[in-house]
Amino acid sequence: QVQLVESGGGLVQAGGSLRLSCAASGLTFSTYAMGWFRQAPGKEREFVAAISRSGVSTYYADSVKGRFTISRDNAKNTVYLQMNSLKPEDTAVYYCGANPGISRARTYDYWGQGTQVTVSS
């Protein structure tokens, strides 16, 4: 049974930082690309960042480029999202996903339950 468990969300002031983690189990982690998506109230889930199986390739949404960094530790079966210079518009539930190939699309094979990030102005 595949499980993706996000953690690290919370309330932070604008300009602050958070580091999200997503721990994976029940799959061979190193054979999956990983992604972070977010969904704000009343909006569709949107792509944030993705990383290839080896970690060599990364993709970012234009809205977070230069502020967020995705990374992974295949020995710990964990993917991270370092979020700096947070803005109120970054407020959303953040989800991690696992997919055979790196992708910006929402068609990932597996999803976590999400972690809330709230940025106050």
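**Close-up views of a predicted model**

**View 1. Aromatic pairs around Phe37.** A search of the whole structure finds five aromatic pairs. Phe37 is buried, with a relative accessible area of 0%. Phe47 is buried too, at 12%. The structure shown is a predicted model.

**View 2. Phe37 and its partner Tyr108.** The ring of Phe37 also pairs with that of Tyr108. Their centres are 5.1 Å apart and their planes at 75 degrees, so this pair is edge-to-face. Phe37 sits in strand β4, whereas Tyr108 sits in the loop between β9 (92–99) and β10 (110–111). The pair therefore ties together parts that are 71 residues apart in sequence. Tyr108 counts as buried, with a relative accessibility of 6%. Ring pairs join Phe37, Phe47, Tyr108 and Trp111 into a cluster.

**View 3. Arginines over aromatic faces.** Two close-ups belong here. In one, Arg19 lies over the face of Tyr80, at 4.0 Å from the ring centre. In the other, Arg72 lies over the face of Phe29, and the distance to the ring centre is 4.4 Å.

**View 4. The disulfide of Cys22 and Cys96.** The count of disulfides in the model comes to one. Cys22 and Cys96 form it, with their sulfur atoms 1.9 Å apart. The torsion about the S-S bond is about 40 degrees, so the disulfide is right-handed. Cys22 lies in strand β3 and Cys96 in strand β9, so the link is between distant parts of the chain, 74 residues apart. A disulfide is a covalent bond between the sulfur atoms of two cysteines. Cys22 is buried, with a relative accessible area of 0%. Cys96 is buried, also with a value of 0%.

**View 5. A four-stranded open sheet.** Four strands form an open sheet in the order β1-β3-β8-β7. The pairing is antiparallel. β1 and β7 (68–73) are the edge strands, and each pairs on one side only. Neighbouring strands of this sheet are turned by 15 degrees against each other on average, direction ignored. Strands of a sheet pair through backbone hydrogen bonds, either parallel or antiparallel.

**View 6. Strand β1 against β3.** β1 and β3 pair in the antiparallel sense over five bridges. Ser7 has Ser21 of β3 as its bridge partner. Val5 has Ala23 of β3 as its bridge partner. Strand β1 (residues 3–7) has two faces. Leu4 and Glu6 make up the covered face. Gln3, Val5 and Ser7 make up the uncovered one.

**View 7. The loop at Gly26.** Gly26 is placed in the loop between β3 (18–25) and β4 (33–39). Is Gly26 buried or exposed? Gly26 is exposed, with a relative accessible area of 53%; the cut-off for exposed is over 50%. Gly26 touches Gln1 and Val2, leaving aside residues up to four places away in sequence. Gly26 and Ile70 are 44 residues apart in sequence. In space they are 22 Å apart, C-alpha to C-alpha.

**View 8. Positive phi at Asn77.** Most residues other than glycine have a negative phi. Asn77 is not a glycine, yet its phi is positive, about 55 degrees. Asn77 is placed in the loop between β7 and β8 (78–83). Asn77 is partly exposed, with a relative accessible area of 27%.

**View 9. Positive phi at Ser85.** Where is Ser85 found? Ser85 is in the loop between β8 and β9. Ser85 has a positive phi of about 50 degrees, although it is not a glycine. The relative accessible area of Ser85 is 41%, so Ser85 is partly exposed.

How values were computed
Residues are numbered from 1 along each chain as its sequence is written. This is a predicted model: local features need pLDDT of at least 70, side-chain atom pairs count only at pLDDT 80 or more; totals for chains, interfaces and linings use all residues. Side-chain values use heavy atoms; hydrogens and water are left out. Buried means under 20% relative accessible area, exposed over 50%, partly exposed in between (1.4 Å probe, protein chains only). Contact means heavy atoms within 4.5 Å. Rings of Phe, Tyr and Trp (its six-membered ring) pair if their centres lie within 6.5 Å; planes under 30 degrees apart count as stacked, over 60 as edge-to-face and the rest as tilted. A charge sits over a ring if NZ of Lys or CZ of Arg is within 6 Å of the ring centre and within 35 degrees of the ring normal. A disulfide is a pair of cysteine sulfur atoms within 2.5 Å. Two strands pair if DSSP finds at least two bridges between them. Axes are lines fitted to C-alpha atoms, for helices over the stretch in contact, and angles run from 0 to 180 degrees between N-to-C directions.
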